[in-house]
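Please walk through this structure step by step. The text below takes up its disulfides, its aromatic rings and its pockets in turn.

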Amino acid sequence: TVFNQGGSASVTGQIEILKDGPQPCVGAVEWLTECNERTWKLAPQGGSLWVGSSFSGQQWWAISGNVTADRPCTYNDEWTFKADGDMVYNSNGDFWGESFFGFSPEGCFPESDLVGPLAYWKSGTHSFEIIPANSDHPDQLKVSGLGAFLGLHKVANGQEVGGPQSQIIYDILSMTEVNGKRYMELEIVFQSSGDGIWRFTFVSES
């Protein structure tokens, strides 16, 4: 509404914001993107997939050190984080199918086998956001867009799921650099009781 000596006039309209502006390139955003883009993979080392109790710290299962033989189709997955807020997922043509979402026996399957609602887990572009630490949580990494995930398809907040989710939030436990490689450890509680946690360790070489 505007006013002048002759009176006033009003106009009403609707504006749709298709995409938020990028977050400032500092802290975890810089770590993930190098203020441009940076590609991450699960670190090819024992324990980079880990599940256990958040209450006792007891390990229930962890991948062995022979990851490329045990799960080659998991360890060739790539997540490219871009400074504009995009996260590009590339399965490199295959995925680890689990009985939890309909594949038996568990193992590597071509990406084309993700059909129906599961097709949202295929390679594609999603978005990410860093939620700054506060008294309740450390820095968190939120990925958004139906089918966005990090680490394992089935792991979501408060549950293991049989289909794609619209967003998932992970705690960032650590960010370290060793011999020019950046490492990031993420954690997510997947049981509504708060006990079960998954931890994923990622590496970026450039």
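Cys-25 and Cys-35 form a disulfide, with their sulfur atoms 2.0 Å apart. The term stands for a pair of cysteine sulfur atoms within 2.5 Å. The torsion about this S-S bond is about -105°, so the link is left-handed. Cys-25 sits in the loop between β2 (7–9) and α1 (27–33), and Cys-35 in the loop between α1 and β3, so the bond ties together parts that are 10 residues apart in sequence. Helices (H or I, at least four residues) and strands (E, at least two) are DSSP runs, numbered from the N terminus. Cys-25 is partly exposed, with a relative accessible area of 29%. Cys-35 is partly exposed too, at 42%. Here buried means under 20% relative accessible area, exposed over 50%, and partly exposed in between (1.4 Å probe, protein chains only).

The model is predicted: local features need pLDDT of at least 70, side-chain atom pairs count only at pLDDT 80 or more, and totals for chains, interfaces and linings use all residues. Residues are numbered from 1 along each chain as its sequence is written, and side-chain values use heavy atoms, with hydrogens and water left out.

How many disulfides does a search of the whole structure find? It finds 2. Cys-73 and Cys-108 form a disulfide with sulfur atoms 2.1 Å apart. With -85° about the S-S bond, this link is left-handed. It joins distant parts of the chain: Cys-73 in helix α3 (residues 72–75) and Cys-108 in strand β9 (residues 107–110), 35 residues apart. Cys-73 is buried, at 1% relative accessible area. Cys-108 is partly exposed, at 39%. Counting bonded cysteines along the chain, the pattern is 1-2, 3-4.

Now the rings. Rings of Phe, Tyr and Trp (its six-membered ring) pair if their centres lie within 6.5 Å; planes under 30 degrees apart count as stacked, over 60 as edge-to-face and the rest as tilted. The count by this rule is 13 aromatic pairs. In one of them, Trp-79 and Phe-149 have ring centres 5.9 Å apart and planes at 85°, so the pair is edge-to-face. Trp-79 belongs to strand β6 (residues 78–82), and Phe-149 to the loop between β11 and β12 (155–156), 70 residues apart. Trp-79 is buried, with a relative accessible area of 0%. Phe-149 is buried as well, at 1%. Trp-79 also pairs with Phe-202: the centres are 5.4 Å apart and the planes at 85°, so this pair is edge-to-face. Phe-202 lies in strand β16 and Trp-79 in strand β6, so the pair ties together parts that are 123 residues apart in sequence. Elsewhere, ring pairs link Phe-95, Phe-101, Phe-103, Phe-109 and Trp-121 into a cluster.

Last come the pockets. A pocket is an open set of points on a 1 Å grid over the protein atoms alone, where a 1.4 Å probe fits, with protein on both sides within 12 Å along at least five of seven lines; lining residues have an atom within 4 Å of a point. The largest pocket is lined by 14 residues. Nearest its centre lie Asp-20, Gly-85, Ser-127, Phe-128 and Glu-129. The largest share, 3 residues, comes from β10.

The second largest pocket is lined by 13 residues, and Thr-39, Lys-41, Val-203, Ser-204 and Glu-205 are the closest to its centre. β3 gives the most to this lining, with 3 residues.
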